[in-house]
Amino acid sequence: MSNTPLEEAMDRAERALIRIERAIERGPMHSSREPALRAKVADALAELDIIIREASNG
């Protein structure tokens, strides 16, 4: 378990990046699934933004 808020934030950021990498590794998707992938990437980026803000404030 992490000791500091910054370490916890970095762990969360790393997990978000891993999710993005896995989505990219799956390769091209049917156009019907593209909006779902875009939504997941947007969610991951939003989470990273929150982590960065928390880390800079703490």
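Predicted model: local features only at pLDDT ≥ 70, side-chain atom pairs only at ≥ 80, totals over all residues.

Reader: OK, so what does Glu47 form a salt bridge with?

Author: With Arg19; the closest N and O atoms of the two are 2.8 Å apart. Arg19 sits in helix H1 and Glu47 in helix H2, so this pair ties together parts that lie 28 residues apart in sequence.

Reader: And Arg19, how exposed is that?

Author: Arg19 is partly exposed, because its relative accessible area is 41%.

Reader: How many salt bridges are there?

Author: The count comes to 2 salt bridges. Besides Arg19 with Glu47, there is one between the side chains of Arg12 and Glu54, at 2.9 Å from N to O. Arg12 belongs to helix H1 and Glu54 to helix H2, so here the parts tied together are 42 residues apart in sequence.

Reader: What about accessibility for Arg12 and Glu54?

Author: Arg12 is at 26% relative accessibility, so Arg12 counts as partly exposed. Glu54 is at 43%, so Glu54 counts as partly exposed too.

Reader: Let me back up. What's the secondary structure overall?

Author: There are 2 helices and 0 strands. Helix H1 covers 5-25 and helix H2 covers 34-57, with a loop between them.

Reader: Which residues make up the largest nonpolar core?

Author: That core has 5 residues: Ala9, Ala13, Ala16, Leu48 and Ile51. H1 and H2 are the elements that give two or more residues to the core, and H1 supplies the largest share, with 3 residues.

Reader: Switching to surface charge now. Where does negative charge gather?

Author: Glu7, Glu8, Asp11 and Glu14 form a patch of negative charge on the surface.

Reader: How far is Asp11 from Ile51?

Author: Their C-alpha atoms are separated by 9.6 Å, while along the chain Asp11 and Ile51 are 40 residues apart. Ile51 is one of the residues in the nonpolar core we went through.

Reader: Good. And which residues gather in the positive patch?

Author: Arg22, Arg26, Arg33 and Lys40 gather there, on the surface.

Reader: Where does Arg26 lie?

Author: Arg26 lies in the loop between helix H1 and helix H2.

Reader: Is Arg26 buried or exposed?

Author: Exposed. Its relative accessibility is 56%, and the cut-off for exposed is over 50%, so Arg26 counts as exposed.

Reader: Great, can you recap the charges for my notes?

Author: The salt bridges are Arg12 with Glu54 and Arg19 with Glu47. The negative patch has Glu7, Glu8, Asp11 and Glu14, and the positive patch has Arg22, Arg26, Arg33 and Lys40.

Notes:
Residues numbered from 1 in each chain as written. Heavy atoms only, no water. Patch = residues over 30% accessible without salt bridge, like charges linked within 9 Å, V, L, I, M, F, W, Y side chains within 5 Å. Areas by Shrake-Rupley, 256 points an atom, 1.4 Å probe, with all protein chains shown as cover. Salt bridge = Lys/Arg side-chain N within 4 Å of Asp/Glu carboxyl O. Lys, Arg positive; Asp, Glu negative; His and termini not counted. Charge placed at Lys NZ, Arg CZ, Asp CG, Glu CD. Helix = DSSP H or I, 4+ residues; strand = E, 2+ residues; numbered from the N terminus. Buried < 20%, exposed > 50% of the residue type's maximum accessible area, 1.4 Å probe, protein only. Core = buried A, V, L, I, M, F, W, Y, C linked by side-chain atoms within 4.5 Å.
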